[in-house]
Each structure stands twice: as C-alpha cells, then as structure tokens.
Amino acid sequence: MTLIQQLVKKEILDQEKATALEWEAKTSGKKEEELILEKHFLDEKSLFNLKSENLKIPLKEVAPDSVSLETMQLIPEETARFYKMVSLAKNGKTLQVGMVYPEDFKSQEALKFLARQQNFIYQVFLITPTNFNELLKQYRNLKGEVGTALEELSEETGKEKRPIKTEELERLAEEAPISKIVAVILRQALEGDASDIHIEPTKEKLRVRFRFLGVLHSSIILPLKIHPAVIARIKILSNLKIDETRVPQDGRFSSEINGKDIDFRVSTFPTALGEKVALRVLDPSIGFKKFEDLGLRGKNLQAVKDAVTKPYGLILVTGPTGSGKTTTLYSILQLLNKEGTNIVTLEDPIEYFLEGINQSQIKPEIGYEFSTGLRHILRQDPNVIMVGEIRDEETANLVTHAALTGHIVLSTLHTTNSAGVIPRLIDLGVKPYFIPSTLSVAVAQRLVRTLCPECKKKVKPDKETEELISKELKIKPPFDIFQPVGCKKCNQLGFAGRISLFEVLSMNKSLAAITMQEPSEAKIAAEAKKLGMVTMKQDGILKVLEGITTIEEVLRVAEEK
C-alpha cells in the first residue's frame, strides 16, 4: 500500500485529492512524500511515522554532532546526496544507515555495493528529509573548513616528500591553514561537550578523538603528512619546545571560542609512530561545581560539612584518575574561600584558576616538589592548605603535621575505597597514633553517567535487580528504576552529564582504636559499616531510585573496587 493510499485509509485525504496527487507524482517525477509535504497535507514527523509503520523499518532521529566524520565518510558525500542515505554509527562490522527512501531499489543496490566493497553489514533506519539535510552539513564541516585548509596547505608545501626543517615547521604551524585546522578541532570539542581531545598518529592517518561522558569517540581523520605541523601549532600555543620530540612535555594555553575563554591543558607523548597530544578541555563555566551539586546526600553530606567546619583536620579524597577528585576539592575550597581565610594550594597541574586563592604549580624538574612547597607554605600563614596529591613519605608526614598544628588540609590519595586510606597513610610512613587526631574524613568517589531528564523511562526492575536493591538498602519492593532512551537533546545517548558516587568515612573513637591496634582495611570497613557508613554501592542505588542514573552504571563503578 502506497503512502497516499494509507492517507486515504486514515481519512487524511479524500479519494479525489489522492487521485490528483498520484497523477502528479507520476508525471512530475517527484516522490509521494515530497508532494504530501509541499501541499501541507501532513507534517513531516507524522508522515514518516506512518511510513515507518508501513515499511516496518524503525524511524530514527539523529543529532548531527553525535555522528563522527570518520563514520560519515564510509558513505561518500556524492553517494549520500544522490541516494539520500547516510552513515549513523558503526559497531564492529555493523553499520547503521539512515535512509529517506529505503524502499528505493537503486538505493538498496548502492548500499549493497558499498557493503561488499568495504566489508560491512548494515542495519537500515528511516530518517526524515530534514534530519538527512542536517546530517549532510557534517560533510560540509570537513570539506568546508578543514578541507579548504588542507587544500591551501597542499599548495603551500607542494608534493615533495622531504623532511620538514624546524624553521619551516614553525612557519607552517603559524600560518592560516594549520591554525584553522587546530581551531576547528578545538571548537568541535567544545561544541560537543568533550572533556578531552586526543590527536594520534597511526600508520596511515592522523586520528582525532574526543572523550564525551568518559568514552572516546573518533571525530576527524586527517592526512598523516600534516601531523608535524598540527603538533607544532599546539606546542607554540602552549609555549613548548617544537624541536623536542623525544620526551613528554606539559603545558597549557587559553583560547576564546564562541565568546568564552577556555583553558586547554596539554600533554605531549612520544610514540613509535610520532608524538601524540592529549588536551584537557577546561571550561570554567562547567568545571566549577557548587558543593551542593557534587552528589553528596544525607549522612555523606553531613560528614563532609562537619569536617569543613572544623578549625583543623585532614580531608582526603580518593579514587582513580578521572574520578572527579579535583572537582570535589575545588568545590570544598570555594566553600572555605572567605575574606578572612588565607588559602594556599600546591597543584600539579593547576586545573582552574580560583579568584582569591593563592595557587602554586609544582615543578619537579627544578626540584620544586609537593614536599618542598609544603615546607614553605607553612611560612605563608595559611588557614587552609590544598596539596594536589600525597605521593611519598615526606609529603604524607608534612601534611599530617600541618593538620595537627591547626590547619585544614585537603589532598588526594590513590586507594580503591575510603577504608583503604588509613592503611595507605601508615604504608607512607605516618605513625598510627597521629592519624586519629588529624584525619577528619576520607572520601572515596567514582563518576557515573546521569540519565537524560527529557527522555528517561520509568520501569519495574527485574527480579535480580529487585533483590539486589532490597538487600543493599534493606527496603521492600515495589519500587521503580529508570532506563536510558535517547532523544534529540541528549544526541540519542540517553545520558546527559556525570555525577559522583561517594563513600565517606568519618574518624571516631572506635575507628581510632582499630587504627592504633590492627589497622587492616577489612576491619576498618566492617566497623565503618557497623556504624552506618553509606557504601558507594548504596549511594549509587539511592541515586538509581531517584532517577539520576542506572543500576548498570552503579554496578560498573562499584565493582571496580
């Protein structure tokens, strides 16, 4: 049954209009869909929902910036434009393809040919003409800005294959084409809410990947020959040595993008195929979180608030790299940042610049370590000290003594959970009898993705999940949980942003006794639970019941422990 006949059946068109429309479609060469939309018999979304029902092919709406340019290029632009089909996503050998006219025989044949040629299997989705046109702009993105720059660069350098001298490399890096390419990469990362940019040479190409919500996605593929110039451009911006490619270098720079001042923290790293660069995107407007927005709830929130309001004590935040420790420390610093308080920090590196706080960047290459800085900080008459990380025995002892002599000290430590903080301090040479009087709280944390509030779906948990929740929280069913769905606002991911799960251990008399006698992680954890500590898994499950995240996200990070 044709779409026009479907509209007659649903009484949207009468038979007379339908006959006229069929005749016009036959004589004009236009598609039925085009004519129905032109004459406003039905809106696009309703029409394509009807077409989806008719063809039994799911209708999909895809945000253009959720499709990487690498994926888009699997179907060449000319082919995409002619057959009205476009690549949407690739998972293993399966390519998701969006088609405006999946019923068209020629389009089907073209897709089969591409699949044989590139050795992929495909899954077809129906997309609207509007969505298709939006996706086509992604080709223009590459061809327009980056493509033009590459053509200019090609003319500039000629076709000679010869090593580029440092002076020439510096000149190329400063000129418009390379500057434009780097600017496009930075802007795309910011517009796509990426937290990191990875620029990596492979054997045949230069790959650019963005990290979004903790996961790396391929975005732009560039010719390998421009690799030295792109790296040189970033080094110039970061004030790094262009001619030093054998050892890692660290730097940072600021750039105004879309009217916002954005900081980029830069790390270069030598690999067998050339230098790799990682850039951390530091947007102050989203980097700073208010203390209340961290994700601390109930007992956890109260325990940290109590520690912050004490006149002295050690507040330690623990977790793996990328778990949000620095964000938590900065939020606490903002809470403590008052006119009558002198706050001094030692950081490696300084992620964000905080107004009213004295921040110092350590430089191990000239002997300025955390321990060196700490000895000098105490002469600066501080009320609050933040040390980026406790890495060695000297720093651990200096931090403990600073907390003991009337300072609030914030720092991070690498342990898997909050109960591991006490044994780790002892391993670092801190005397057990110092810990009860100095350690206020140990905060363990992990990041989980948060559900998109626009499209999350309330469901009943399966039996296994129901039993898990009941056992952990000591509550009886029924209760609801939520699942990701995917919509335009969240780029069809079902997730939008991240939040921390916490486990907060507060020092008290019974834990002090264990610390002095037999400070094993197991004994400390058991006693803390007995005293009512909310474990990370429990904190996560509470956030699941609130509709903030999913049970799968919670189990993924809780089981890392």
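This is a predicted model: local features need pLDDT of at least 70, side-chain atom pairs count only at pLDDT 80 or more; totals for chains, interfaces and linings use all residues.
Colleague: Hello! How far apart do the centres of the positive and negative side chains lie in the protein chain?
Modeller: Residues are numbered from 1 along each chain as its sequence is written, and side-chain values use heavy atoms, with hydrogens and water left out. Lys and Arg count as positive, Asp and Glu as negative, while His and the chain ends are not counted; each charge is placed at NZ of Lys, CZ of Arg, CG of Asp or CD of Glu. There are 78 positive and 78 negative side chains, and the distance between the centres of the two sets is 4 Å.

Colleague: Thanks! What share of the residues counts as buried?
Modeller: Buried means under 20% relative accessible area, exposed means over 50%, and partly exposed is in between (1.4 Å probe, protein chains only). Among the 561 residues of the protein chain, the buried share is 49%.

Colleague: How many helices and strands does the protein chain have?
Modeller: Both are DSSP runs numbered from the N terminus: helices are H or I with at least four residues, strands are E with at least two. The C-alpha trace that carries them spans about 90 × 70 × 45 Å along its principal axes. The secondary structure comes to 23 helices and 18 strands.

Colleague: What is the strand order in the open sheet of six strands?
Modeller: Two strands pair if DSSP finds at least two bridges between them. In this open sheet the pairing is antiparallel, and the order is β6-β5-β4-β9-β8-β7.

Colleague: Which strands are at the edges of that sheet?
Modeller: An edge strand here pairs on one side only. By that criterion the edges are β6 (215-223) and β7.

Colleague: Which residue in β9 is the bridge partner of threonine 268?
Modeller: Strands β8 (residues 260-271) and β9 (residues 274-282) run antiparallel and are joined by nine bridges. In β9, threonine 268 has as its bridge partner valine 277.

Colleague: At what angle does α11 run to β9?
Modeller: Axes are lines fitted to C-alpha atoms, for helices over the stretch in contact (heavy atoms within 4.5 Å), and angles run from 0 to 180 degrees between N-to-C directions. The helix lies across β4 (196-201), β5 (205-212), β6, β7, β8 and β9, and its angle to β9 is about 45°.

Colleague: Is asparagine 239, with its positive phi, buried or exposed?
Modeller: Most residues other than glycine have a negative phi. Asparagine 239 is not a glycine, yet its phi is about 60°. The residue sits in the loop between α11 (227-237) and β7 (249-257). With a relative accessible area of 72%, asparagine 239 is exposed.

Colleague: Which residues is threonine 400 in contact with, leaving aside neighbours within four places in sequence?
Modeller: Threonine 400 belongs to helix α16 (residues 393-404). Its relative accessible area is 3%, so threonine 400 is buried. With those neighbours left aside, the contacts of threonine 400 are Val430, Phe434 and Thr438.

Colleague: One more: what is omega for the peptide bond from aspartate 348 to proline 349?
Modeller: Most peptide bonds are trans. Proline 349 lies in the loop between β11 (343-347) and β12 (358-361). The bond from aspartate 348 to proline 349 is cis, with omega near -5°.
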